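Hi everyone, thanks for coming along.

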Amino acid sequence: GLSTSSAVICYMWMVLAERNKICESAKFKDHLSIEEDLYAYLGFIENGQDCGPVLIGDKGIGTFGGSEDHTAIMSCKPCSVNMFSYCPTKREGTFEFPSDATFVVAVSGAFADKGSGAQADYNNAAFLARDAAAAWCRGSGKLPLGGKTFVPGSANLAEIIRHVRDELGGGDHEKVKSVIGEVIAKSDDGKTWGPRAGDESVRYRAGALRERFEQFIDESELFVPRIAEALSARDFQALGRWSDESHKQTVERLRNTIPETAWLPQEARRLGALGASAFGAGFGGSCWAIVETQAAEQFAEKWAEAYRDKFPGNAPTSTFFVMRPGPGAFCIH
């Protein structure tokens, strides 16, 4: 689920900031005094991109993810779940986790390769979103929000969604999705767009940009808020419905799962989980299930046994454990 490299970035930041009193510096106070800005900056350290005009990036590790992992590591609170939006990083809400439920996490044991050839697949999930936004700007002939975008001169999909919703006077989800999708489709022809600027030998397949946009808007604007509301209200039927749909689109439209992480949530639901999904950047990694606390240990044993029977090659490196939401990173003095 969470990237080890992101954890290293966070704990090294905490050590270096404490030792060198970075938080007392004028540059920190001017640019990173808000918690969410710091979380975003930690993501920029890892991916090497610029964090505004002053905090200039370096090479990074070569993958173009965001700051989701860093935000989770730094912001978590016991017995609650946070909901953030990104670019810019912004806390949208904190929800109490049901007292009679718990997570069971399945670490698949499948290696999440982000090096060499696999790095292209990992980055494409981000590049497709980037280029879907660029296709909308080209097709509409405008930059959203009066040009006041997170990255100057370059819109992201979340900004386009806000802009179009405002233009429609708050139009419903399906209407906003349709209006934006139709504009993207104008140049989503399998010829115009590709992941690498200037390299016309590699193009996205026709329809890929609209598909990525539709998965993005459904996940960000529909599934995540509904799952948060379901947890807060203890509406476990809704939790199951929306986590099922989220995972289905992850497999079929985002396409960042592998056979193991596609199968695990489906099996969890068959075994009685209240909800389940893969999580993390994909191409390996972990899955979560939410179950009734009293049945958690027995569920974890059955889930692990079923997985190791299905994927015996990963049995030695897979791990299944029960946990409730805990605190984020903290210093011990």
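I'll start with how to read the model, then go through some backbone details and a charged patch.

This is a predicted model, where local features need pLDDT of at least 70 and side-chain atom pairs count only at pLDDT 80 or more, while totals for chains, interfaces and linings use all residues. Residues are numbered from 1 along each chain as its sequence is written, and side-chain values use heavy atoms, with hydrogens and water left out.

Backbone first. Please find the peptide bond from C87 to P88: it is cis, with omega near 5 degrees. P88 sits in the loop that links strand 1 (80-85) and strand 2 (90-96). Strands here are DSSP E runs of at least two residues, and helices are H or I runs of at least four, numbered from the N terminus.

Next, which phi does K21 have? It is positive, about 55 degrees, although K21 is not a glycine. You'll find K21 in the loop between helix 1 (4-20) and helix 2 (26-31).

R255 is not a glycine, and its phi is positive at about 60 degrees. Its loop runs between helix 9 (236-254) and helix 10 (259-270). R255 is partly exposed, with a relative accessible area of 45%; buried means under 20%, exposed over 50%, and partly exposed in between, with a 1.4 Å probe and protein chains only.

Finally, the charges. E297, E301, E305 and D309 form a negative surface patch, with members over 30% relative accessible area, no salt bridge, and like charges joined within 9 Å. A salt bridge means a Lys or Arg side-chain nitrogen within 4 Å of an Asp or Glu carboxyl oxygen. E301 belongs to helix 11 (residues 296-310) and is exposed at 57% relative accessible area.

How values were computed:
Patch = residues over 30% accessible without salt bridge, like charges linked within 9 Å, V, L, I, M, F, W, Y side chains within 5 Å. Areas by Shrake-Rupley, 256 points an atom, 1.4 Å probe, with all protein chains shown as cover. Lys, Arg positive; Asp, Glu negative; His and termini not counted. Charge placed at Lys NZ, Arg CZ, Asp CG, Glu CD.
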